[in-house]
Amino acid sequence: MTDTITLTGNIATIPEHKKILDGVAVTSFRVATSNRRLDRATGQWVDGETSYYTVQLFRQLAEHAVLSLSRGDRVIVTGRLKVREWDNGTRRGTTVELEADAIGHDLKFGTSRFTRSTASRPAADAAPADGWAAPGVPAEVTSETPTDGWATSTPGSRDGSSEGDTDGPGSGAPILSVAGETPF
């Protein structure tokens, strides 16, 4: 049984990237988290105690993280928690590590720009010509673009109408697309 947790905090160290046995990529850094609370007596926000976690990322996630993250970035990390006791003869302590499954910038505190890696996507999942079409949705549905730049269509229809579209979950829900960019 593993403990999966999600951390929100700031990257406290410069991400270190290396290759280990068999060329597996590893990126590691420390994330600092602290709780903030409102001191009702003063009406001011007060920072709680800071906790530090060592975050380790492997393989393709490690390759993308070293190119995308830097010290001071606010991130959200999800992964498996590992608590290790250590003793070097003169000192003893506890290290809390997180083997990350996913990581990204915390958009509450800033903006980010996503660039899809073509090398990480299997050939069977290759994107259609417009690059943002949903898997299983015909390219004609998402590539219709009226003069305002936004297109709305209903799943199963090619002309944007919802008539006759009564089968399947979520029928009647609009699909949005923009010529050359994501709608979200």
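Two helices and eight strands make up the secondary structure of this chain, and keep in mind that you're looking at a predicted model. If you walk along the sequence, the elements come in the order β-β-β-β-α-β-β-α-β-β. The chain has 184 residues, and 24% of them count as buried. Now think about contacts between residues with a separation of 6 or more: 52% of those are made by residues 24 or more positions apart.

Let's zoom in on threonine 54, which you'll find in strand S4, residues 44–58. Is threonine 54 buried or exposed? Its relative accessible area is 16%, so threonine 54 is buried, since the cut-off for buried is under 20%. What does the side chain of threonine 54 make a polar contact with? The partner is the side chain of arginine 30, at 3.0 Å. Leaving out residues up to four places away in sequence, threonine 54 touches Phe29, Arg30, Thr95, Val96, Glu97 and Leu98.

Next, hop over to strand S6, residues 92–105, where glutamate 99 sits. With a relative accessible area of 17%, glutamate 99 is buried too, because that value is under 20%. Its side chain makes a polar contact with the side chain of arginine 80 at 2.7 Å, and another with the side chain of lysine 82 at 2.8 Å. Apart from neighbours within four places in sequence, glutamate 99 is in contact with Gln56, Phe58, Gly79, Arg80 and Lys82.

While glutamate 99 is buried, arginine 80 counts as partly exposed at 24% relative accessibility. There's a network here as well: salt bridges link Arg80, Lys82, Glu99 and Asp101.

Another salt bridge is formed by the side chains of lysine 19 and glutamate 63, at 2.8 Å from N to O. Lysine 19 belongs to strand S2 (residues 16–19) and glutamate 63 to helix H1 (residues 59–68), so this pair ties together parts that are 44 residues apart in sequence. Lysine 19 counts as exposed, at 52% relative accessibility, whereas glutamate 63 is partly exposed, at 24%.

Definitions and conventions
Residues are numbered from 1 along each chain as its sequence is written. This is a predicted model: local features need pLDDT of at least 70, side-chain atom pairs count only at pLDDT 80 or more; totals for chains, interfaces and linings use all residues. Side-chain values use heavy atoms; hydrogens and water are left out. Helices (H or I, at least four residues) and strands (E, at least two) are DSSP runs, numbered from the N terminus. Buried means under 20% relative accessible area, exposed over 50%, partly exposed in between (1.4 Å probe, protein chains only). Contact means heavy atoms within 4.5 Å. A polar contact is a pair of N or O atoms within 3.5 Å; within protein, one must be able to donate a hydrogen and the other to accept it, and residues adjacent in sequence count only if both atoms are side-chain atoms. A salt bridge is a side-chain nitrogen of Lys or Arg within 4 Å of a carboxyl oxygen of Asp or Glu.
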